[in-house]
Amino acid sequence: MTTELEKAGIPVVQITSALPIAKMVGSNRVVLGTGIVHVTGDAKLPPEDEKELRRKLVQKALDALQSSAKS
């Protein structure tokens, strides 16, 4: 899906814990998530710490969105 959106001119960042799979299918911008069940969080963390973790992942994705993608 990410490659099709990129072909349509829509920049995409994929947050995933399956980095090798994302690369294998051709995703240009990939951010490594924290786990398979909770990709953008960690249920074991206290709420404030998880909120900070999520904020960092989203910021990393936004930073990656501003980078140029391989074509």
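Helices (H or I, at least four residues) and strands (E, at least two) are DSSP runs, numbered from the N terminus. I noted before starting that this is a predicted model, in which local features need pLDDT of at least 70 and side-chain atom pairs count only at pLDDT 80 or more, while totals for chains, interfaces and linings use all residues. I also noted that residues are numbered from 1 along each chain as its sequence is written, and that side-chain values use heavy atoms, with hydrogens and water left out.

Entry on the fold. I found three helices and two strands in the protein chain, and along the sequence they come in the pattern α-β-α-β-α. I looked up the extent of the C-alpha atoms, which fill a box of roughly 40 × 20 × 15 Å along the principal axes.

Entry on burial. Of the 71 residues in the protein chain, I read that 24% are buried, where buried means under 20% relative accessible area, exposed over 50% and partly exposed in between (1.4 Å probe, protein chains only).

Entry on isoleucine 10. I located isoleucine 10 in the loop between α1 (2-7) and β1 (14-16), and I recorded it as partly exposed, since its relative accessible area is 44%.

Entry on contacts. Taking contact to mean heavy atoms within 4.5 Å, I looked at the contacts in the protein chain between residues at least 6 apart in sequence, and 34% of these join residues at least 24 apart.
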